[in-house]
Structures are given as C-alpha cells and as structure tokens.
Amino acid sequence: MAESTPKRKIRESVFTNLFQEKKYLLQLYKALHPEDGEATEDEIADITLKHVLVDADYNDLGFSVGDRLMVLVESQSTWTMNIIIRALMYLMQTYHDYFRRTNQNLYGSKKVKMPKPELYVIFTGERKTIPDIISLKGLF
C-alpha cells in the first residue's frame, strides 16, 4: 500500500506539471475542440484551484478559453463515483473566483455572464466497470 502512494503522487505531479505550459493547454483544448481552429495561447488562462497556505479544495487542472469556456480536468488512478461531487465543488469554487475576478455581483438584479463549463475525468487505473459518462442525477 505504501508503494502505491508515491506512484500516485508522481503520476499526479507529471500531469499537473505538464499543463503548466500554455502550449500544452492549447493542445489539450484543440484535442477536445478540433472545430475551433481560431483559439490561441493568448486566450488560454490557467484557473486551476490551488491550496497554497490553507487546507482548501484544489483540482488537478483548470483552464479557461477567453470568456466563453471553462474546462476542469481531474486525473484519477483510483476510481470513485464521488469524483462527480468533487468536480461540482471545484466548479462552484472556480465560478466563485471568476465572478470575483470579473467584478460581477451575484446579489444584484443584472444577470451575470459566465463561461460554459466542461468537466472531464482522465482515469489511468485498471478499467473494469467504470462508465464512459457519469451523471449527478443518475448517481445521487
């Protein structure tokens, strides 16, 4: 058991470190959205939640493409259906940060503008009975 923990951490750090570079974020985005030939590195922003000084929620990877799209990606080597709840928590925190960053008032009468979210889980463990698509409504 102790042997799997370092391997998991190494896999996790390789994944997160790879996408610190915008060129790789752009490649990932284009793999997910081949129809968008116009996206540039300048439009890509890292919005990954990080816990630096406090014990708070953080995710593996988050990036935005302009003000139109937010992509959150989790890398998992051990499967749990609870990833859908964690992904929603990361999404809400990411939107919270977005509204603060863009000075939008959630309590005002004006409708806020928000990018479309996309949530992905990259599973690197042994595939047994893991579904291709998971749904909050279907699971909880």
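Buried means under 20% relative accessible area, exposed means over 50%, and partly exposed lies in between, with a 1.4 Å probe and protein chains only. This is a predicted model, in which local features need pLDDT of at least 70 and side-chain atom pairs count only at pLDDT 80 or more, while totals for chains, interfaces and linings use all residues. Residues are numbered from 1 along each chain as its sequence is written, and side-chain values use heavy atoms, with hydrogens and water left out.

Select tryptophan 79, which is partly exposed because its relative accessible area is 25%, and then phenylalanine 123, also partly exposed at 21%. Rings of Phe, Tyr and Trp (its six-membered ring) pair if their centres lie within 6.5 Å, and planes under 30 degrees apart count as stacked, over 60 as edge-to-face and the rest as tilted. By this rule there are three aromatic pairs. Tryptophan 79 and phenylalanine 123 form an edge-to-face pair, 5.7 Å centre to centre with 85° between the planes.

Next select tyrosine 98 and phenylalanine 99, whose ring centres are 5.8 Å apart with planes at 65°, so this pair is edge-to-face. Tyrosine 98 counts as buried at 6% relative accessibility, and phenylalanine 99 counts as buried at 9%.
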